Amino acid sequence: MKFAVLVFPGLTCDLDMYHAIEETVKQDVEYVWHTEADQLDQFDAVLLPTGTSYGNYLRPGALAKSSPACKQLQAFAESGKLVLGVGNGFHILVEAGILPGGFLRNKGLKFRSTQDTIRVENNNTVFTKEYTQGQMLTLPVANEFGNYYADEQTVEVLKNNNQIVFTYANENTDGSTEAIAGITNEKGNVLGMMPLPERAVEEIIGGTDGMALFQSIMNNRGEQHVN
Amino acid sequence: MTKVTIYVTLRESVVDPQGIATTEALQKIGYEEVKSVRVGKLIELQLDGSEETIEARVNEMCNDLLINKVIEDYRFEIGEVASK
């Protein structure tokens, strides 16, 4: 299986994502710089790391739309191949219209960097099959715009399709709608999440609860999302 | 050259964390009459184009990039820029 870590200017955690693939599933992984993204279709999965794309100017993730890579990414997602965006990568997926919703500044107005308890709301996706339903994970978060917003109608759709994959289990500190921490698109081939599984793949960095996410991708990549 | 001023505000239904914090701060320093603050942003464009096309083009820009309609509303004013 071939993974691309798609890097827009300002994304800083590309190395963490690359390392997570090497550490957990030991597959081919390559950095793809956003101006060289016309070859995306040779990959099986695209990973969008976190950071601060384009300095988070205008809105987090918004200016990524000015890169031709955004169109490539939309086509890649549309084709049914796997896309994972974490942190600012999730912002980019929302701004690109690949996932629904928007992001606001955290309720507490602070950049928050800590470990959160995350509940697996749907273990029946290609990204979460190696977890159990309702499993509690400890995952790092680090963001200033982790406050996911969706209107009632969108939430209804997300719920009906089982697209809400992760929620904040203890405190919903950032103020996300329905305590949402991660969602998929309707097809289930795109996952966006604010917690950072790539920073939880080794005991030495504070935990391994992120490992099963990458193993899920590897073990279940051929399967379609089942609601 | 025309100057367009775009006012971006959070949609009414969206909770504004900056607005809430600012409301509380104003009340704390004695402005108890303040019941609510909403914080938005202002985008100024200077652009070429005829009067007829500018409105449509600016609406397109807002939809394509400048505004996220999930969370934001906007309105804009079109004015002249004095040529030197």
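Where in chain A is A:Asn162 found? A:Asn162 sits in the loop between helix 4 (152-160) and strand 9 (164-168) of chain A; helices (H or I, at least four residues) and strands (E, at least two) are DSSP runs, numbered from the N terminus. Before going on, keep in mind that this is a predicted model, where local features need pLDDT of at least 70, side-chain atom pairs count only at pLDDT 80 or more, and totals for chains, interfaces and linings use all residues. Residues are numbered from 1 along each chain as its sequence is written, chains are lettered from A and ligands numbered from 1 in the order in which they are written, and side-chain values use heavy atoms, with hydrogens and water left out.

- A:Asn162 isn't a glycine, yet it has a positive phi of about 55 degrees.
- With a relative accessible area of 34%, A:Asn162 is partly exposed (buried means under 20% relative accessible area, exposed over 50%, partly exposed in between, using a 1.4 Å probe and protein chains only).
- A:Lys26 isn't a glycine either, and has a positive phi of about 50 degrees.
- You'll find A:Lys26 in the loop between helix 1 (14-24) and strand 2 of chain A.
- A:Lys26 counts as exposed because its relative accessibility is 62%.

**Two buried loop residues**

- A:Ala37 belongs to the loop between strand 2 (28-33) and strand 3 (45-48) of chain A.
- Its relative accessibility is 2%, so A:Ala37 counts as buried.
- Setting aside neighbours within four places in sequence, A:Ala37 is in contact with A:Leu6, A:Val32, A:Ala69 and A:Gln72 (contact means heavy atoms within 4.5 Å).
- From C-alpha to C-alpha, A:Ala37 and A:Ser67 are 9.7 Å apart in space, and they are 30 residues apart in sequence.
- A:Thr50 is in the loop between strand 3 and helix 2 (69-78) of chain A.
- A:Thr50 is buried too, with a relative accessible area of 5%.
- The side chain of A:Thr50 reaches the backbone nitrogen of A:Asn88 at 2.9 Å.
- Leaving aside neighbours within four places in sequence, the contacts of A:Thr50 include A:Leu11, A:Cys13, A:Asn88 and A:Arg199.

**Chain B on its own**

- Chain B has 2 helices and 3 strands, and from the N terminus on they run β-α-β-α-β.
- The radius of gyration of chain B is 17 Å, whereas a compact globule of 84 residues would be near 12 Å (taken over C-alpha atoms; the globule rule is 2.2 Å times the number of residues to the power 0.38).
- Along the principal axes, the C-alpha atoms of chain B fill a box of roughly 50 × 35 × 15 Å.
- Of the 84 residues in chain B, 30% are buried.

**Where the chains meet**

- The contact takes 17 residues from chain A and 18 residues from chain B.
- About 1,300 Å² is buried between the chains, with carbon and sulfur atoms giving 63% (buried area is the accessible area, with a 1.4 Å probe, that two parts lose on being put together, summed over both).
- There is 1 salt bridge between chain B and chain A (a side-chain nitrogen of Lys or Arg within 4 Å of a carboxyl oxygen of Asp or Glu).
- A:Arg59 forms a salt bridge with B:Glu72, and their closest N and O atoms are 3.6 Å apart.
- On the side of chain B that touches chain A, the elements giving two or more residues are helix 1 (17-28), strand 2 (41-47) and helix 2 (51-66) of chain B.

Definitions and conventions:
Polar contact = N/O pair within 3.5 Å; in protein donor to acceptor, adjacent residues only side chain to side chain.
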